[in-house]
Amino acid sequence: MIGKKPNILYFSLLLLALFFESGQNTSYAQGDTSYAPAINQSPDSVKVNNIFIVGNVKTKKSVILRELDFITDFYYDWNTFLEILIADQKKIYNLMLFTSVEITPLVTGDNEVEILITVKERWYLLPQIIFELADRNFSEWWTNQSRDFSRVNYGLRLSHSNVGGRNDKLRFAGQLGFTKALDLQYSKPYIDKKQKHGLAVQLTYKENKTIPLKSEFNKQVFFTNEKEDIIRKNFAAALRYTYRRSYYNYHFLTLGYSYTLVADDVLTENPEYFQHGGNKLRYAFATYTFRHDRRDNVSYATDGELLQVSLTKYGIIFTDELDEVEVNLTANKYFKISDKFHFNSGLTANWFLSTGQPYTLVRGIGYSPNFIRGYELNVVEGQQLYVHKNSFRYKFLDWKIDISNLIKLEQFNTIPIRLYLSANFDHGYVKDRNHIPENSRLANKYLMGYGTGIDLVGFYDAVLRFEYSMNNSKEGNFFFNFSAPF
């Protein structure tokens, strides 16, 4: 039970449960993947003779075949088969390896078809200039931090999203600015012939001269010492094992280690920064995550569902410095009403078992992904929270701009632009067991935000959102974001 308004949480959970029980909409239109299987006639049942794949220059054929829910030399009811093809088209696109996917059944005889899969590969090796805000969101930087350009991270990121043609990803980032950082990641989704088991590893080092120490009046309080020394260093390493038994269900087990060192000045300003009285925090952790993911597009979903539950134990060793358990829940449902209209509803919840956490583990509304529109300028910290977000959207523009006369590379010669008008309603609650007086205006209170906006979905499914939102504290403002709300 979260806070003093359990009926709100129960209502949200019941609503999401009803959503997940509803029938699946098998129509599909998302970017360049909206091709309907083309046939000249409709047999009652079909047998697949052969599967041909065109356009996979780098990607191994086995990676694409892994997503197919049909086999050759087996008879399928025709209508059921078409539903399978539409679902498989979504799955292949969500590999994030292709800018377009088309699956076409070619009727070659009585109850026999050949399957043609046509893909257009993305550009996999991408050097990227890092220029991003260090703050929680654009509005926080623009308003609360007065557009301070010293709070910008800059550097270089090199990403290869298909190293060996098996959807294995290698990423390295070197970053300066507000947070100096080095980050190395490698993931291989499948390490076995049956393509069910995968591994990923990540190493990260960060250091800061300015850090958030606490929150007061539902705003972050930052600290820099007089000499502008480095006051926080962090090293983290993690190994993740993935098991994908079925197409839509994933199991993750992550083992990791974190070491954080802060200057004595930090503890002078906030003696409870690490809670145990020392200036370093060491812990090993283990996280188990189950994810059911049936979204049509993982970057900007308009159809399908996402359910994710995770359990984390902090303090497998060094339990005298940290001994904590965290539970997370995400349950999103995406309703495609028609090609132009869709409705999305999503519930996120988070629980810590103890009454207080080190500030490096603080959670609450205002920290990604838990926000309520209209409260982007605030943080509401606590040990338990839930957020229920809702959006009704209308697609009023869908263009594909051909610039092949300027750019010959097929990975870049088409620019898709989709614009959606959205009506939004979010609400939620944070339970702060410590009842900090400075944050009492929003903590342990029912929060609500609503408004309208325009979502731009562009090249490689990049998302920009322009919104005006009001909240139940009678505050309204324009907000600008760089990702889908859920």
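**Note on a predicted single-chain model**

1. Arg 363 is partly exposed, with a relative accessible area of 23%; on this scale, buried means under 20% relative accessible area, exposed means over 50%, and partly exposed covers the range in between, using a 1.4 Å probe and protein chains only. The structure is a predicted model, in which local features need pLDDT of at least 70 and side-chain atom pairs count only at pLDDT 80 or more, while totals for chains, interfaces and linings use all residues. Residues are numbered from 1 along each chain as its sequence is written, and side-chain values use heavy atoms, with hydrogens and water left out.

2. On confidence, pLDDT being the predictor's confidence in each residue on a scale from 0 to 100, the chain averages 89, and 92% of the residues score at least 70. The lowest confidence in the chain falls in helix H1 (residues 6-21), with a mean of 43, and the highest in E12, at 98. Over residues 1-39 the pLDDT is below 50, although this stretch has 96 contacts in the model beyond near neighbours in sequence, a contact meaning heavy atoms within 4.5 Å. Where pLDDT is low, the predicted coordinates should not be read in detail.

3. For the strands, the elements are DSSP runs numbered from the N terminus, with helices (H or I) of at least four residues and strands (E) of at least two, and two strands pair if DSSP finds at least two bridges between them. Strand E9 (residues 197-208) pairs in the antiparallel sense with strand E8 (residues 179-188) over 10 bridges, and Tyr 186 stands opposite Val 201 in E9. E9 also pairs with strand E12 (residues 232-243), again in the antiparallel sense and over 12 bridges, where Leu 199 stands opposite Tyr 241 in E12.

4. Side chains of opposite charge can pair when their charged atoms come close. How many salt bridges does the model hold, if one is a side-chain nitrogen of Lys or Arg within 4 Å of a carboxyl oxygen of Asp or Glu? The count comes to 23 salt bridges. In one of them, the side chains of Lys 90 and Asp 303 meet with N and O 3.3 Å apart. Because Lys 90 lies in helix H3 (residues 78-93) and Asp 303 in the loop between strand E14 (280-293) and strand E15 (304-314), the pair ties together parts that are 213 residues apart in sequence. Lys 90 counts as buried at 13% relative accessibility, and Asp 303 is buried as well, at 3%.

5. Arg 363 returns here as the salt-bridge partner of Glu 326, the closest N and O atoms being 2.9 Å apart. This pair links distant parts of the chain, with Glu 326 in strand E16 (residues 324-336) and Arg 363 in strand E18 (residues 363-365), 37 residues apart. Glu 326 is buried, with a relative accessible area of 2%, whereas Arg 363 is partly exposed.

6. A further salt bridge joins Asp 426 and Arg 373, whose closest N and O atoms are 2.8 Å apart. Asp 426 belongs to strand E21 (residues 414-431) and Arg 373 to the loop between E18 and strand E19 (380-382), so that the pair links distant parts of the chain, 53 residues apart. Both partners are buried, Asp 426 at 0% relative accessibility and Arg 373 at 1%. Elsewhere, salt bridges that share partners join Asp 339, Lys 395, Asp 398 and Lys 400 into one network.

7. The loop between E18 and E19 also holds Asn 370, which is buried, with a relative accessible area of 10%. Not counting residues up to four places away in sequence, Asn 370 touches Thr 348, Gly 364, Ile 365, Leu 385 and Val 387.

8. Glu 140, found in helix H4 (residues 138-144), counts as buried at 2% relative accessibility. Beyond residues up to four places away in sequence, Glu 140 touches Asp 135, Gln 145, Gln 220, Phe 222 and Leu 377.

9. Aromatic rings of Phe, Tyr and Trp (its six-membered ring) pair if their centres lie within 6.5 Å, and planes under 30 degrees apart count as stacked, over 60 as edge-to-face and the rest as tilted; the count comes to 23 aromatic pairs. Tyr 250 and Phe 252 form a stacked pair, 6.2 Å centre to centre with 5° between the planes. Tyr 250 is buried at 17% relative accessible area, and Phe 252 is buried at 9%. One aromatic cluster is formed by Phe 138, Trp 141, Trp 142, Phe 149, Phe 466, Phe 480 and Phe 482.

10. Charges also sit over rings, which requires NZ of Lys or CZ of Arg within 6 Å of the ring centre and within 35 degrees of the ring normal. The charged end of Arg 147 sits over the ring of Trp 142, 4.6 Å from its centre, and Lys 91 lies over the face of Tyr 247, at 3.4 Å from the ring centre.
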